[in-house]
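Please look at the sequence and structure first.

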Amino acid sequence: MYAQMIKSEATADDPEKLAAFQARIDAGEKIEPKDWMPEGYRKTLIRQIGQHAHSEIVGQLPEGNWITRAPTLERKAILLAKVQDEAGHGLYLYGAAETLGVSRDELTEMLLDGRMKYSSIFNYPTLTWADMGAVGWLVDGAAIMNQVPLQRTSYGPYSRAMIRICKEESFHQRQGYHIMMKMAQGTPAQKKMAQDALNRFWYPSLMMFGPSDKDSVHSAQSMAWKIKMNTNDELRQKFVDQTVPQAEYLGLTVPDADLRWNENKAGYDFSQPDWSEFFDVLKGNGPCNTERLAARNKAWDDGAWVRDGLMAHAAKKRAARVAAE
Amino acid sequence: MKNEWPLWEVFIRGQHGLNHRHVGSLHAPDAELALKNARDVYTRRNEGVSIWVVEAQHITASAPSAKGPMYEPSESKVYRHPTFFDIPDEAGHM
Amino acid sequence: MGGQGALFEYLLRLGDNTLILGHRVSEWCGHAPVLEEDIALANTALDLIGQTQMWLGLAGEVEADGRTADDLAMLRDVWDFRNVLLVEQPNGNFGQTMMRQMLFDAFHFELLSDLAGAGDDRIAAVAAKALKEVTYHFDRSSETVIGLGDGTEESHARMQAALDLLWPYVGEMFTPDDIDAAMFEAGVAPDLRLLRARFDSRVDRVLKDATLARPDSSYAQTGGKTGFRHSEHLGHLLTQMQWLQRAYPGAVW
């Protein structure tokens with residue numbers, strides 16, 4: 001879902017090699033960087049891991065928006081540590097993508113000029129402190145739902161990055177829910193903020209899983225390659241089933257009049273988000289697309305002299321060392 | 001201008017007495033900063049007591065196509081493993 | 001001022017320095033020149049916030065008026081803050097931030113080294129813990145200042161400009177007043193003039209490797225640590241930092 005709209009690439013490789021490759025995956029073997037792999041597998045992975053990495057990096061911004069306004073020293077430290085983790089997760093994922101023959105700078109440039117996407121969720125604004133709770137609880141909750149199965153993905157470096165990420169991520173959702181608990185048990189104003197945050201983040205969170213893909217050929221290919229482990233609808237259903245009781249515990253109302261328990265499927269029936277809004281946001285028309293990309297571009301452009309300066313110093317040091325030998 | 005910081009592989013000793021283990025990679029302009037970056041990126045949760053960094057281009061890796069000749073010959077040397085030998089219980093722990 | 005009053009003031013100085021600098025550094029999160037730096041800056045900020053909790057917590061205990069570290073951070077106004085002017089200066093570009101960091105780290109390292117052996121056990125314990133963190137801060141900030149100073153023509157020029165801009169804020173850290181004197185008398189704080197000599201040799205080494213020229217002015221802007229006259233920047237920082245606590249008094253977060 002951090003990689004919401006990945007179409008797997010068709011592949012024109014030798015059928016015999018393809019079959020052997022598929023057999024390895026079916027046997028549960030991991031594919032490692034130097035192994036033979038179909039071009040489609042490589043390209044799909046680069047796009048998916050890259051999009052996931054970009055989502056972590058852009059995902060720093062909506063929460064970073066509140067670091068300087070956190071209400072207590074402890075909350076500030078927790079939020080900062082959490083947003084820092086997102087940077088770390090982006091770094092691990094770029095590292096995994098780099099084993100496929102693309103550099104981090106190349107991926108970054110593709111994010112900055114719009115050739116690559118990031119998750120739609122980060123184009124929504126964070127307006128109150130309760131949004132820090134809602135993002136942790138709902139957005140990280142949805143992310144974890146996707147990431148946990150990806151620990152078993154067929155590509156070794158991706159799988160190892162996901163294992164590390166999941167281990168670190170486990171505190172993120174809990175800290176978000178903890179904020180929501182304090183708000184929901186707090187003053188009337190705090191409670192109102194909590195409900196407002198849920199109202200604004202509920203449908204965008206459901207969109208994180210991407211549109212229904214149960215009949216998609218691309219999805220089927222990605223699932224055969226084990227770079228996608230579940231359908232979007234499966235994960236969305238699981239997310240709703242997990243989240244609704246948590247909202248009830250908080251005494252908050254999920255903004256869906258048609259939400260009800262369905263005994264037959266042992267899950268909730270719920271309303272779909274507005275998919276036209278989703279496609280609009282992906283196209284760049286979300287509330288914060290412009291600011292988010294501008295912020296990343298500014299960081300990159302403003303940082304160029306720093307990156308170049310430290311490289312130049314490293315080269316001088318190397319030259320001096322060689323001269324001394 | 002293409003001036004990307006080189007890629008480094010990071011190895012961390014998690015506890016005293018254990019081997020260093022590969023944990024991931026990062027970018028840094030030189031070895032000194034690679035070490036510091038590794039400290040900041042990979043030991044945020046108290047994961048290490050020692051760090052190695054190696055510039056990725058200096059690692060020599062075995063080729064996947066050589067898997068058979070490289071590793072299969074050792075499969076048949078079963079006598080290298082203690083379980084190959086049946087020792088009666090009466091002989092005591094061995 | 002003597003006794004507990006001076007001790008309280010002194011602890012505010014320690015805690016406000018780390019509070020305000022930690023806040024400034026945290027402003028970088030998500031905007032640094034490269035991911036590794038983003039993560040490293042956050043580590044520094046986290047250390048400083050942790051030190052703030054300890055220093056201001058101790059200040060609250062000494063004051064014995066029921067104020068917590070959070071109360072002190074969130075509910076005082078500009079004139080009650082006791083941080084030096086250096087740490088409230090805006091981040092500017094990355095080089096300016098790293099220069100500010102290196103200058104403060106050099107002072108902080110020397111100060112904490114002495115406080116770790118202070119006559120007051122509570123202060124010595126906090127200082128000893130903080131010293132480990134700050135040793136690394138200085139390692140990192142000085143290496144970055146050296147790298148950028150010695151790097152390209154552009155990075156060199158930017159670092160020299162940062163040094164020139166921030167140098168007038170160095171003197172205040174070493175300008176003793178009644179509080180410093182009382183703490184020195186009590187065997188808690190070091191002689192700031194001796195500290196300055198160590199600071200100078202430490203910073204001079206960095207500047208030499210960074211190929212930067214130390215400004216020859218010794219003029220010092222003052223008024224931060226006494227609270228007499230902060231810069232305009234501090235008020236804006238506080239409007240952000242304290243917003244929630246001020247807007248919703250008494251709420252639990």
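## Surface and pocket

B:Val78 is partly exposed, as its relative accessible area is 42%; buried means under 20%, exposed over 50% and partly exposed in between (1.4 Å probe, protein chains only). This is a predicted model, where local features need pLDDT of at least 70, side-chain atom pairs count only at pLDDT 80 or more, and totals for chains, interfaces and linings use all residues. Residues are numbered from 1 along each chain as its sequence is written, chains are lettered from A and ligands numbered from 1 in the order in which they are written, and side-chain values use heavy atoms, with hydrogens and water left out.

B:Val78 sits in the segment after helix 2 (67-71) of chain B; helices are DSSP runs (H or I) of at least four residues and strands runs (E) of at least two, numbered from the N terminus.

C:Gln4 belongs to helix 1 (residues 3-26) of chain C. Between C:Gln4 and C:Val62 there are 6.7 Å in space, C-alpha to C-alpha, and 58 residues in sequence.

| Residue | Relative accessible area |
|---|---|
| B:Val78 | 42%, partly exposed |
| C:Gln4 | 48%, partly exposed |

The largest pocket has a volume of about 1,300 Å³. Of its 39 lining residues, those closest to the centre are A:Arg160, B:Glu9, B:His22, B:Val23 and B:Gly24. A pocket is an open set of points on a 1 Å grid over the protein atoms alone where a 1.4 Å probe fits, with protein on both sides within 12 Å along at least five of seven lines; lining residues have an atom within 4 Å of a point. Helix 7 of chain A contributes the most to this lining, with 7 residues.

Note on methods
Grid points are joined across faces, edges and corners, and a volume is the space filled by probe spheres set on the points.
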